[in-house]
Amino acid sequence: MSTPSEQDSPLSSFAQPSCAESGGHFDNDFATMANTRADATGEGRPPVVSRAFSLLVSTLVLGALIGICAGLLTLLLYAIEHLCLGFVEHPELPGPFLTPAWRRAASVFGGASVAAIAWWALRTKSKAVPSVKQAVAGRLMPIWQTVAHVLLQIFIVGTGLSVGREVAPRELGAMLAQRCARMLRLNPTDMRTIVAVTAGAGLAGVYNAPLAGAFFAVEILLVDVSGGTVILSFLCSTLAAWVATLVKGTHTFYVIGHVDAHFSWDLMVFAIPAGVILGVCGALFRKGSQWAERNKAAGNAILWMLPLAGAVTGIVAIRIPQVMGNGRATAQLAFSGTPTMSLIPLLLLSFAAKALITLFTIRAGASGGVLTPGIALGASMGCILGILWMQMTGTNSIGVYALLGACALLSASQNAPLMAMCLVMELTEAPMNLFVPVVFISMISLLASHATLSVVERRSVTVLG
């Protein structure tokens, strides 16, 4: 029988996962996790220096270090895009639109095939790489396996596979934080805090989004809004974002053009029906992501499923090149599109293709994130609804409707509205006054998402008996 102290510790005994469980990682999944062994975390050992000083030193060192790593990962992505697709993404050219179709198909199929072999070897022949949430709970992330896992995610996004790249810096940050915490002999509670804070800083560094990184740690990983965790999260994410810009430079990730910072009344009215639609879409995308993750190809299956996903992506990309990559091209099409009825069929096609290809890629065994694919889906649907709304009463830029859609769907799909809203607002550098309609539509979408998930779960229980 375990002692009371062992039962209360957040880092008590943690069952090791199978290799099949260690693949892709999704945000706010509420998966049930055990804890790692206390002797692997430094539990019971006295801190080298005072607790407050150790936390401050860890935050500063890790914030700067993960900022450098996030910057280097971004430059690596650009180098892979240039080598494989002959372009480097930027606001004016967010996708491989000028790349020949044969090269797009060859790049994504070749990248998927190489990644399939590498992930097969990593998952079946070496120690499993836990998810970020498992790392926060205490499971130790192996060094070289984690680095290989991170680099593979950047590689597949650079070659054109449809997943987000934001999980890679978070995993790297969590691994570095665990090592730093063990060196300073932090107690289990402080180690959990530092790992979560640094993982959030990885998101902040790669996208220059300190608010989103801090809220990711507080809202999703820690579920703790105490003064200490909030201060550490904002400090680490801000430092990481700033240091990353020294490595990779800075620019607006999504360009929405000129918008009126003083939102009009029709945006608030638009938010009501649009929020419901986007909430339903977000809930379905969340369920689809969870299904794909649970049924991810394992063992030898990845050797044929992931190349198949690459082949399908390449075929689709012949006519819809914006389906490739992390979703930036699809989202930018919505943010800066011409608000005409003729754009709606293209947006609908982009929405469907991005959703299905992303889920298929995850199901086939790829690891990666769904934040930027979620932004792409939300921006596309928001733009569609905005064009229809503008036929009646809309007076604002089409980019504002895409912005509202991205915030709403991401809030619903991640069940994390603070992180979602801040991420989209920071990536677009939108006027702060737009937070009013953004908060309103995100609230409605979240309510619609919860209602949709409740109905889906009741129907599932009824069907399955």
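These questions and answers walk through a predicted model of one protein chain.

Biologist: What are the ground rules for this model?
Modeller: Residues are numbered from 1 along each chain as its sequence is written, and side-chain values use heavy atoms, with hydrogens and water left out. The model is predicted: local features need pLDDT of at least 70, side-chain atom pairs count only at pLDDT 80 or more, and totals for chains, interfaces and linings use all residues.

Biologist: How many helices and strands does the protein chain have?
Modeller: Both are DSSP runs, numbered from the N terminus: helices are H or I with at least four residues, strands are E with at least two. By that rule the protein chain has 17 helices and zero strands.

Biologist: What share of the residues of the protein chain counts as buried?
Modeller: Buried means under 20% relative accessible area, exposed over 50%, and partly exposed in between, with a 1.4 Å probe and protein chains only. The protein chain has 465 residues, and the buried share is 59%.

Biologist: Among contacts between residues at least 6 apart in sequence, what share joins residues at least 24 apart?
Modeller: Contact means heavy atoms within 4.5 Å. In the protein chain, the share joining residues at least 24 apart is 81%.

Biologist: How do helices α7 and α9 pack?
Modeller: Two packed helices are described by the angle between their axes and the distance between the axes. Axes are lines fitted to C-alpha atoms, for helices over the stretch in contact, and angles run from 0 to 180 degrees between N-to-C directions. Helix α7 spans residues 188–207 and helix α9 residues 227–248; they pack at about 35°, with axes 8 Å apart.

Biologist: Why is the pair of Tyr 207 and Phe 253 edge-to-face?
Modeller: Tyr 207 is buried, and so is Phe 253. Their ring centres are 5.3 Å apart, and their planes stand at 75°, so the pair is edge-to-face.

Biologist: Which parts does the pair of Phe 270 and Tyr 401 tie together?
Modeller: This pair is edge-to-face, 4.8 Å centre to centre with 80° between the planes. Phe 270 is buried at 2% relative accessible area, and Tyr 401 is buried at 0%. The pair ties together parts 131 residues apart in sequence: helix α10 and helix α15.

Biologist: Is Ser 442 buried or exposed?
Modeller: Ser 442 is in helix α17, residues 435–464. Leaving aside neighbours within four places in sequence, Ser 442 is in contact with Cys 407, Ala 408, Ser 411 and Met 421. At 2% relative accessibility, Ser 442 counts as buried.

Biologist: Which residues does Ile 318 contact, leaving aside neighbours within four places in sequence?
Modeller: Ile 318 is found in helix α11 and, at 42% relative accessibility, counts as partly exposed. Ile 318 and Ala 101 are 217 residues apart in sequence but 5.1 Å apart, C-alpha to C-alpha. The contacts are Ala 101 and Arg 104.

Note on methods: Phe/Tyr/Trp six-rings, centres within 6.5 Å; stacked < 30°, edge-to-face > 60°.
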